[in-house]
Structure formats: C-alpha cells, structure tokens
Amino acid sequence: MKIFTPSFLILGFFVLGGMIFKLTSPLSCGPILPNDNIFVLTGDARRIPFALKQTESYPAAKIHIIGVGSHKFNIQNNHVAMERQSKSTYQNALAIKKIVKQKKLDRIVVVTTEEHMKRAMHLIHHENPKTEIISCSAPLIGMPPSQRVQRWTIEYIKYIVTLFGIKEG
C-alpha cells in the first residue's frame with residue numbers, strides 16, 4: 001500500500017481542508033441594518049463599489065473604507081470615512097478595533113471578497129471579541145476559473161498560517 005505515503009496523506013488533508021475552507025466561507029451578504037457601520041477592506045477593486053451598492057437603500061449607514069487601496073477612490077459622501085494607514089488584513093483589523101472602540105460599536109458589517117472573508121473575519125473577531133460581526137462577501141465575478149482557484153488557494157494557505165498565530169505575513 002504505497003498509496004498512503006506520508007506526503008500523499010498530507011496532500012490529501014490539504015486538499016480536503018481547502019474544500020472545507022471553500023464550502024464554509026461566507027458567500028453572501030448578511031443583513032445590513034439602516035444605521036450599521038460598514039467596514040470595507042480594500043485590496044480588490046470590486047469591494048468598494050459592491051459595498052456602495054449594498055448600502056444604497058440605507059442612507060444613514062456609515063461606510064469606513066479601510067486600507068491602502070482607499071486612496072484610489074474619490075468618494076464625496078458624508079457617510080464615507082477613509083482609513084489610509086493599514087496595509088495588511090491584520091492592520092485592517094487593528095484599524096477597525098480602534099474605530100469600534102472610539103465609536104463604542106457593538107455591531108459591524110465587514111465587506112471583502114468571498115475568498116478573503118474567512119481570514120478577515122477571524123482576525124477582526126480576534127481584535128473585537130465582544131462585537132457582533134456580519135459578513136458581506138463581494139463575489140469574484142468576471143474572473144477566469146484558474147485565477148479564482150489561485151486566489152482561493154493563497155487565501156487558504158494564509159488562513160492556515162493565521163490559525164497558527166502568524167498575523168502579518
């Protein structure tokens with residue numbers, strides 16, 4: 001039974017874990033309430049337009065665009081705040097923690113792409129354990145399947161590393 005070599009078993013567990021990671025990742029947008037604070041993690045150009053579309057019917061919702069990519073957007077709206085310092089998902093989580101603490105928020109909505117949501121939620125929850133966090137996943141539309149698989153695989157590996165306590169990478 002040479003099929004069950006250690007390397008084959010490790011590969012099998014990795015693939016199985018990747019399938020579970022994909023199947024258990026939030027792929028839709030949870031309920032947004034009229035006065036919610038919505039945190040959009042930049043890094044993918046589809047996240048900000050997706051968040052703005054999701055909140056069209058909630059004029060009182062406050063949108064916080066978190067991360068280095070926010071400088072690319074010139075949004076003239078009193079309900080949009082931009083944080084430009086954080087450059088990683090962990091730094092995004094720390095920036096969100098600061099805003100949550102300042103505003104004394106007990107509920108937030110997080111917008112990021114579907115393959116990034118699980119790791120982002122893990123890091124944000126770790127920094128804000130008493131805050132209710134609603135996921136709102138932006139879909140990876142218009143992307144070739146090979147590129148989707150690559151992005152999911154990279155995020156799966158980053159998620160595993162994060163579970164081992166390595167937050168920056």
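**Exercises on a predicted model**

Glutamine 85 sits in the loop between β3 (80-83) and α3; helices (H or I, at least four residues) and strands (E, at least two) are DSSP runs, numbered from the N terminus. This is a predicted model, in which local features need pLDDT of at least 70 and side-chain atom pairs count only at pLDDT 80 or more, while totals for chains, interfaces and linings use all residues. Residues are numbered from 1 along each chain as its sequence is written, and side-chain values use heavy atoms, with hydrogens and water left out.

**Exercise 1. Two loop residues**

Task: Decide whether glutamine 85 counts as buried or exposed, and find where lysine 104 is placed.

Solution.
- Step 1. Take the cut-offs: buried means under 20% relative accessible area, exposed over 50%, and partly exposed in between (1.4 Å probe, protein chains only).
- Step 2. Glutamine 85 has a relative accessibility of 61%, so it counts as exposed.
- Step 3. The C-alpha atoms of glutamine 85 and alanine 95 are separated by 8.3 Å, and these two residues are ten residues apart along the chain.
- Step 4. Lysine 104 is in the loop between α3 and β4. Its relative accessibility is 73%, so lysine 104 counts as exposed.
- Step 5. From C-alpha to C-alpha, lysine 104 and threonine 131 are 9.6 Å apart in space, and 27 residues apart in sequence.
- Step 6. Look at the backbone of lysine 104: its phi is positive, about 55 degrees, although the residue is not a glycine. Most residues other than glycine have a negative phi.

**Exercise 2. The disulfide**

Task: Find which cysteines form a disulfide, and where in the chain they lie.

Solution.
- Step 1. Apply the rule that a disulfide is a pair of cysteine sulfur atoms within 2.5 Å. The count by this rule is one disulfide.
- Step 2. The pair is cysteine 29 and cysteine 136, with sulfur atoms 1.9 Å apart.
- Step 3. Cysteine 29 is in the loop between α1 (6-24) and β1 (37-41), and cysteine 136 is in strand β5 (residues 132-138); the link joins distant parts of the chain, 107 residues apart.
- Step 4. The angle about the S-S bond is -100 degrees, and the link between cysteine 29 and cysteine 136 is left-handed.
- Step 5. Cysteine 29 has a relative accessible area of 27% and is partly exposed, whereas cysteine 136, at 0%, counts as buried.

**Exercise 3. Aromatic pairs**

Task: State how many aromatic pairs there are, and describe two that contain phenylalanine 21.

Solution.
- Step 1. Rings of Phe, Tyr and Trp (its six-membered ring) pair if their centres lie within 6.5 Å; planes under 30 degrees apart count as stacked, over 60 as edge-to-face and the rest as tilted. The count is four aromatic pairs.
- Step 2. Phenylalanine 21 and tyrosine 156 are 5.5 Å apart, centre to centre, with 40 degrees between the planes, and the pair is tilted.
- Step 3. Phenylalanine 21 is in helix α1 and tyrosine 156 in helix α5, so this pair ties together parts 135 residues apart in sequence.
- Step 4. Phenylalanine 21 is buried at 4% relative accessible area, and tyrosine 156 is buried at 9%.
- Step 5. For phenylalanine 21 and tyrosine 159, the ring centres are 5.3 Å apart and the planes are at 40 degrees, so this pair is tilted. Tyrosine 159 is in helix α5, 138 residues from phenylalanine 21 in helix α1.
- Step 6. Ring pairs link Phe14, Phe21, Trp152, Tyr156 and Tyr159 into a cluster.

**Exercise 4. The nonpolar core**

Task: Name the residues that touch the most other members of the largest nonpolar core, and the element that gives the largest share of it.

Solution.
- Step 1. A nonpolar core is a set of buried Ala, Val, Leu, Ile, Met, Phe, Trp, Tyr and Cys residues joined through side-chain atoms within 4.5 Å.
- Step 2. The largest core has 18 residues, and Phe39, Leu41, Ile66, Ile96, Ile108, Val110 and Ile124 touch the most other members.
- Step 3. Two or more residues of this core come from each of β1, α3 (89-103), β4 (107-113) and α4 (117-127). The largest share, six residues, is from α3.
- Step 4. In soluble globular proteins, nonpolar side chains tend to be buried together.
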